[in-house]
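Me: Could you walk me through the cavities, pockets and salt bridges of a structure that is new to me?

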Amino acid sequence: MNGMTAPVGFSRRGFLKVSAAVGGGLLVGFALPGLMTDAEAAEGEFTPNAYIRIDRSGQVFFIIQPVEMGQATYTSMPALIAEELEVPLDQVLIEHAPADDKRYANPMLGFQVTGGSTSVPANWLPLRQAGAATRTLLVTAAAQQWGVPMESCKAENGAVLHPESGRKLGYGELVDAAAKLPAPGEVALKDPARFKLIGTPAQRTDGPAKVTGKAMFGIDARPEGVKVAALTICPIIGGTFESVDAAPAMAVNGVRKVVHTKNAVAVIADHTGAARKGLAALQIKWNEGANGKVSSASLLENIKQASMADGVQARAEGDVQGAMAKAAKKVEVVYQVPFLAHACMEPVNCTAHVRKDGCDLWLGVQVPTRAKALAAQLTGLPEESVVVHNQLLGGGFGRRLEVDFVQHAVEVAKQVDYPVKVVYSREEDTRHSTLRPFHYNHLAAGLDDEGRPVVWTHKVTGGSIIARWAPDRFKDGIDGDAVRDAAGPYAFPNLAVHYVRHEPPEGIVPAFWRGVGHTQNAFMVEGFMDELAAMNQVDPFSYRTPLLQKHPRAIKVLETAREKSAWDSPLPAGHGRGLALTYCFGTYAAQVAEVSVDASGTVKVHKITGVVDCGIPINPDSVVAQMQSGTVFGLTAALFGNITFKDGRVEQGNFDSYRLLRMNEVPPIETHIINSGESPGGLGEVSTVVIAPAVVNAIFAATGKRLRSLPIDPAELKQA
């Protein structure tokens with residue numbers, strides 16, 4: 001197991017620093033490994049980016065870097081510290097980390113960000129190490145006070161015990177002495193066999209506040225003197241503001257001011273009702289720009305033409321051309337996926353208060369330092385004068401990796417001398433969301449005499465998120481996210497993956513969406529794999545297994561999925577089962593969907609059986625919840641998700657036209673967890689990856705109709 005019980009030397013790398021907390025108590029600051037450079041360590045500098053603080057009552061405080069957006073981070077991450085520190089989970093209270101890239105960076109990604117299913121995998125060892133070191137300090141302090149060997153003491157339930165004498169001291173009684181000790185040179189992590197919290201179901205720590213309405217999301221921010229702004233953005237993508245007569249809005253009781261930015265108009269009022277009424281009264285003129293005739297048809301034609309280019313080679317293994325030439329059979333297909341919006345339950349919003357000497361932001365955001373930097377840029381203030389009050393997120397899915405809504409809020413707030421809360425309506429949120437990119441991909445396989453794939457090619461065509469969002473990681477013309485999973489976890493003897501970058505018109509912004517590359521390419525790879533299996537009349541499980549010999553965990557997942565889904569049992573007439581597999585974010589998962597299709601082409605999903613190996617499940621309840629929520633999110637997209645354009649405008653608005661799965665449409669979702677004992681993998685996006693291909697493959701099993709594009713179109717399945 002990855003470093004599970006190995007002793008850890010903290011002081012050698014300057015990992016840990018012990019000191020007295022302000023007001024008394026113990027403060028343990030630690031820099032997460034991977035972020036402290038050798039130079040910093042060599043020069044003895046110490047820039048801690050996480051803290052454990054214990055006060056004299058024994059209360060444990062933990063400053064946490066990732067934000068909570070439904071993924072149960074506020075339960076799973078404190079559990080890692082509590083496990084090693086030997087305290088109950090409810091004894092660890094969370095404090096938000098301030099916006100600071102250097103001190104609170106994501107250890108995997110190198111800056112302060114919540115995303116990519118990295119929160120637990122990135123912090124799995126560092127937080128346990130910090131908890132173990134803190135426990136060692138407290139035990140040492142107790143042993144010294146009693147004059148006994150440290151080995152004769154043990155930590156338990158927030159106290160240090162000396163079993164031989166029956167003595168006991170609570171952590172709160174030891175913190176002052178512990179604060180005077182040097183950082184321990186070595187500590188050993190707990191043996192997994194002794195875990196009390198990790199692997200045990202736990203109630204979410206953020207649950208009660210959310211149930212009682214006490215939880216604070218960005219939209220709940222109410223700083224003193226705040227006004228509300230309703231906003232409308234130019235409906236034509238890339239268009240700009242031209243003119244407006246503010247008088248009709250100013251006649252509405254409660255309206256304070258009408259302002260505009262480069263491409264939007266906002267009505268500021270005492271309350272939301274007045275702001276929206278004022279906005280509705282306005283007649284606004286827009287400059288359409290060059291995109292007034294953009295349509296989904298023109299976008300499709302453009303990307304089809306672009307996809308004919310060779311592109312840049314992202315992977316090359318074996319002799320692709322030679323193997324294809326010798327193949328007994330060659331199969332070529334085209335798959336495509338649409339633009340998708342995020343449709344967070346809490347529409348994007350930001351409250352901004354801009355002053356001459358500072359700026360405060362209240363919002364829920366996955367990238368607080370980007371929000372801070374943008375506000376500084378727009379106001380001309382130094383970054384240290386901008387304070388980000390990050391709140392809980394009412395859904396993220398990548399939408400709050402963007403800060404376009406922060407820009408609108410700050411630009412509006414600059415025009416008044418009081419705080420302004422800018423809230424997008426549902427329609428504005430849908431029509432001006434950044435979008436999961438539209439991809440149009442060519443796949444081909446060469447088969448041997450027995451129908452086995454001996455060569456595989458996958459050419460990905462679409463806009464690049466990485467080139468815009470993290471340009472330093474866009475190397476040699478390749479978007480690493482766009483081509484992720486382009487061959488799945490399978491070992492093909494000959495393999496080629498190419499990328500053709502094709503950007504949509506200005507104003508359509510390709511963006512992350514709950515596992516972008518995986519959600520697109522897994523749909524295509526797993527669909528094509530199912531096609532090949534069916535073409536050769538081989539069971540889908542049996543067809544995949546020989547290609548997974550380097551992934552025994554994947555084979556175990558498949559075997560379990562076959563058993564738990566009762567794959568080999570008969571089905572009612574008109575029903576079909578479909579399989580999909582993924583290895584992403586360090587996690588293996590498979591789903592089997594059971595569906596039927598009626599004469600009108602309407603798909604009914606009867607049951608989803610999922611199997612996941614995410615390594616050690618920190619909180620099994622959260623694993624199940626993540627698999628269920630990701631499935632519902634992905635199933636919604638597979639059945640309904642589609643952002644379309646007409647006359648340069650997004651055609652969808654509220655949930656009547658951007659349909660979500662209703663509660664009565666959610667099928668039973670079983671989740672079976674395999675504890676492989678490996679370090680934890682990510683979970684937030686895994687089931688979203690596999691649900692679409694599982695359903696599409698089940699539709700083929702039920703109807704014989706192969707679908708190669710999303711969303712699922714009932715018209716294609718309608719029976720004559």
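Predicted model: local features only at pLDDT ≥ 70, side-chain atom pairs only at ≥ 80, totals over all residues.

Residues are numbered from 1 along each chain as its sequence is written, and side-chain values use heavy atoms, with hydrogens and water left out.

Me: How many cavities of 30 Å³ or more does the structure hold?

Reply: On a 1 Å grid over the protein atoms alone, a cavity is a set of points where a 1.4 Å probe fits but cannot get out. Grid points are joined across faces, edges and corners, and a volume is the space filled by probe spheres set on the points. With a cut-off of 30 Å³ or more, the number of cavities is five.

Me: Which helix gives the most to the lining of the largest cavity?

Reply: The largest cavity has a volume of about 100 Å³, and lining residues are those with an atom within 4 Å of a point. Among them are Arg-436, Trp-513, Gly-634 and Thr-688. Two helices give two or more residues each, H17 (620–640) and H18 (686–703); helices (H or I, at least four residues) and strands (E, at least two) are DSSP runs, numbered from the N terminus. With three residues, the top contributor is H17.

Me: How many charged residues are in the lining of the second largest cavity?

Reply: This cavity has a volume of about 60 Å³, and its lining includes Leu-32, Phe-62, Gln-65 and Tyr-104. Ala, Val, Leu, Ile, Met, Phe, Trp, Tyr, Cys and Pro count as nonpolar, Asp, Glu, Lys and Arg as charged, and the others, Gly among them, as polar. The lining divides into nine nonpolar and three polar residues, and the charged ones number none: no charged residues.

Me: Which helix gives the most to the lining of the second largest pocket?

Reply: A pocket is an open set of points with protein on both sides within 12 Å along at least five of seven lines. With four residues, the leading helix is H11.

Me: How many residues apart in sequence are the parts that Lys-190 and Glu-83 tie together?

Reply: A salt bridge is a side-chain nitrogen of Lys or Arg within 4 Å of a carboxyl oxygen of Asp or Glu, and in Lys-190 and Glu-83 the closest N and O atoms are 2.5 Å apart. Both residues are buried, where buried means under 20% relative accessible area, exposed over 50%, and partly exposed in between (1.4 Å probe, protein chains only). Lys-190 lies in the loop between strand E10 (187–188) and helix H5 (207–212), and Glu-83 in helix H2 (residues 73–85), so the separation of the joined parts is 107 residues.
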